[in-house]
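Open the model in your viewer and keep the sequence panel beside it. The stops below say what to select and what is there.

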Amino acid sequence: MKHLFQLVRPLNLIIIGFTMYSTRLFLYLYEIQFNASIFQKPGEELDFFLMVISTLLIGAGGNMINDYFDVKADRVNKPEKLIITKHVKRRVAILNHWILNLIAFSIAIYLSVRNNSFWYVFIHLLSINALWFYSLYFKRRPFSGNLIVASLTSLVPILCG
């Protein structure tokens with residue numbers, strides 16, 4: 001269990017959650033200062049919490065799949081930090097990746113239905129697939145790999161608006 005926890009890189013997930021809640025706070029303070037009406041719907045705080053959770057689950061799954069596809073390179077470059085195959089079976093890692101993404105996508109479907117918007121499903125599906133293809137193929141391509149990571153990173157605060 002400890003090694004699965006290490007596999008999802010909890011510090012990265014904390015930074016993502018902190019970014020989302022900081023952006024939310026900034027927007028809330030903007031609303032107070034300019035008397036704007038950004039947050040109006042009942043249950044919006046629960047929706048935001050669910051969006052943060054689903055984003056964190058996708059991030060955790062992305063970290064897992066990244067390590068899953070990096071086993072050969074990590075065996076040579078960082079054998080002391082190798083988690084998959086040393087402490088966690090590959091099968092367990094891929095299964096956990098799919099479970100985390102399934103839960104996150106289910107939350108996105110709920111949020112899309114609740115808010116009458118395809119946006120949540122689209123962004124989450126795009127993120128899940130982008131992380132998979134990044135880990136499998138684009139990581140070895142300097143420009144396109146960095147572009148994918150930068151785009152996904154920029155989605156974190158955008159999702160909060």
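Are E44 and R24 buried or exposed? Both E44 and R24 are buried. Keep in mind on this tour that the model is predicted.

**Whole chain**

Start with a cartoon view of everything. The chain has seven helices and zero strands, so defined from DSSP runs. Read from the N terminus, the order of elements is α-α-α-α-α-α-α. The C-alpha trace spans about 55 × 30 × 25 Å along its principal axes. Of the 161 residues in the chain, 42% are buried.

Four salt bridges turn up when the whole structure is searched. Select R24 and E44 and show their side chains. They form a salt bridge in which the closest N and O atoms are 3.5 Å apart.

**R9 and D67**

Select R9 and D67 next. These two form a salt bridge, and their closest N and O atoms are 2.4 Å apart. R9 is in the loop between α1 (2-7) and α2, while D67 is in helix α3; the two are 58 residues apart, and the pair links distant parts of the chain. What does R9 count as at 26% relative accessibility? R9 counts as partly exposed. D67, at 14% relative accessibility, counts as buried.

**The largest pocket**

Switch to a surface view and look for the largest pocket, which has a volume of about 580 Å³. It is lined by 24 residues, and those closest to its centre are I16, G59, L131, L152 and T153. Colour α2 (10-34), α3 (44-69), α6 (119-136) and α7 (142-160): these are the elements that give two or more residues to the lining. By class, the lining of the largest pocket holds 12 nonpolar, 11 polar and one charged residues.

Keep the surface on and select F118, W119, F122, L126 and I158. Together these residues make a nonpolar surface patch of about 530 Å². Which element gives the most to the nonpolar patch? Helix α6 does, with three residues. I158 belongs to helix α7. With 48% relative accessibility, I158 counts as partly exposed.

**L95**

For the last stop, select L95 in helix α5 (residues 90-114). Its relative accessibility is 51%, and therefore L95 counts as exposed; the cut-off for that class is over 50%. L95 and D70 are 16 Å apart in space and 25 residues apart in sequence.

Note on methods:
Residues numbered from 1 in each chain as written. Predicted model: local features only at pLDDT ≥ 70, side-chain atom pairs only at ≥ 80, totals over all residues. Heavy atoms only, no water. 1 Å grid on protein atoms, 1.4 Å probe; cavity = no way out; pocket = protein on both sides within 12 Å on 5 of 7 lines; lining within 4 Å. Points joined across faces, edges and corners; volume = space filled by probe spheres on them. Helix = DSSP H or I, 4+ residues; strand = E, 2+ residues; numbered from the N terminus. Nonpolar A, V, L, I, M, F, W, Y, C, P; charged D, E, K, R; others polar. Patch = residues over 30% accessible without salt bridge, like charges linked within 9 Å, V, L, I, M, F, W, Y side chains within 5 Å. Areas by Shrake-Rupley, 256 points an atom, 1.4 Å probe, with all protein chains shown as cover. Buried < 20%, exposed > 50% of the residue type's maximum accessible area, 1.4 Å probe, protein only.
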